[in-house]
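Subject: Structure for you to look at

Hello,

The structure I mentioned is below. My notes on it follow.

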Amino acid sequence: MSAHAVLAAQTLDDCIIDQNWGRYSSEDHAIWRTLFERQLSTLKGQVAQEYLDGLEALGIGPDGVPDFAKMNARLRKITGWEVVAVPGLIPSRPFFQMLANRQFPAGTFIRSRAQLDYLEEPDIFHDVFGHVPLLTNPAYARYMNEYGRIGLQAIERKAVKFLARLNWYTIEFGLIRKPEGVKIYGAGIVSSYGEAKYVAQDASAHHLSFDLTRVLRTGYYIDDFQASYFVIERFEDLFDVLEGRDIMALFDEVRGEPTLTPFEILAGDKVIRKGSGEYWREFPGTKTKLK
Ligand code: HBI
Ligand code: FE
């Protein structure tokens with residue numbers, strides 16, 4: 001499917017392709033190994049145990065690019081989810097529809113050696129190493145499913161922007177508090193060498209207790225590490241805050257309010273750690289538009 005066709009895609013099947021696992025070169029598998037080994041050692045002691053359990057349960061390891069068919073045979077048995085191959089970023093409607101069907105869309109291409117640290121579009125390392133392991137966790141998987149269902153409603157209400165913020169501050173950049181300390185679970189951190197080290201070693205960012213309304217009000221910048229992270233206590237929290245609540249009415253409420261930047265702390269915030277802001281003094285003015 002071409003990039004142009006992706007934009008025009010209306011139905012689910014238009015977006016699903018064959019992973020064609022046999023076509024990965026030995027260099028592709030070697031890049032996977034480099035990324036995997038470097039990232040696993042960076043995450044040591046910093047990532048939620050549920051994530052590591054998922055890697056193991058799915059057989060995702062250093063050997064090479066995972067074969068979706070083999071991975072799915074395990075994943076289906078655990079939570080009923082499966083990974084489907086897509087040609088890259090797909091439109092919101094089929095994206096949400098897939099999640100509502102317990103299908104996780106993953107890109108199939110792998111970055112080049114020149115892009116080991118950063119690339120704009122999600123590749124198979126981000127999608128599979130970053131996102132897929134936690135789909136073995138029943139509470140997290142249930143949240144992803146509900147996220148898809150709410151997403152479909154949000155399209156009708158022209159509220160996809162709020163879904164994107166929720167996605168950003170949970171699925172992509174979420175942290176979870178454990179007895180031993182705050183751990184990483186968001187795929188954007190898990191799959192990023194730079195941001196995983198920043199989260200582990202740099203005290204610049206705020207850690208705020210996760211609050212749904214607060215997250216929906218908070219914009220984000222896509223081109224740098226986060227200035228605020230939102231911290232859950234348990235994976236069940238993610239689903240629980242959506243349940244029994246008129247989310248569309250909440251979107252309408254938030255729509256009328258100004259967007260918060262990730263730099264500020266509000267009087268009502270539950271602050272787990274106030275960031276030093278040092279990183280932002282060192283690299284000021286590099287920000288793109290607040291989303
Ligand atoms: N497509 N492949 C892919 N991956 C995503 O994370 C994704 C997408 N399309 C749309 C989208 N995300 C966003 O609309 C939502 O996260 C809000
Ligand atoms: Fe992602």
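At 6% relative accessibility, histidine 131 counts as buried, because buried means under 20% relative accessible area, exposed over 50% and partly exposed in between, with a 1.4 Å probe and protein chains only. Before going on, note that this is a predicted model, in which local features need pLDDT of at least 70, side-chain atom pairs count only at pLDDT 80 or more, and totals for chains, interfaces and linings use all residues. Residues are numbered from 1 along each chain as its sequence is written, chains are lettered from A and ligands numbered from 1 in the order in which they are written, and side-chain values use heavy atoms, with hydrogens and water left out.

**Ligand 1**

The residues around ligand 1 (a heavy atom within 4 Å of it) include Val86, Gly88, Leu89, Phe95, Phe96, Tyr147 and Ala164.

- A polar backbone atom of isoleucine 90 is 2.6 Å from a nitrogen atom of the ligand.
- Serine 92 has a polar side-chain atom 3.0 Å from an oxygen atom of ligand 1.
- An N or O atom in the side chain of asparagine 167 is 3.5 Å from an oxygen atom of ligand 1.

Taken alone, ligand 1 exposes 390 Å², and the protein buries 84% of that (areas by the Shrake-Rupley method with a 1.4 Å probe). Helix 6 (92–100) and helix 9 (160–172) are the elements that give two or more residues to the shell around ligand 1. Helix 6 gives the most, with three residues. Helices here are DSSP runs of H or I with at least four residues, and strands are runs of E with at least two, numbered from the N terminus.

**Two loop residues**

Which value does phi of arginine 102 take? The angle is near 60°, a positive value in a residue other than glycine. Arginine 102 lies in the loop between helix 6 and strand 2 (103–107) and is partly exposed, at 40% relative accessibility.

Lysine 158 also has a positive phi, near 50°. This residue is in the loop between helix 8 (138–156) and helix 9, and is exposed, with a relative accessible area of 72%.

Regards

Technical notes:
A polar contact is a pair of N or O atoms within 3.5 Å; within protein, one must be able to donate a hydrogen and the other to accept it, and residues adjacent in sequence count only if both atoms are side-chain atoms.
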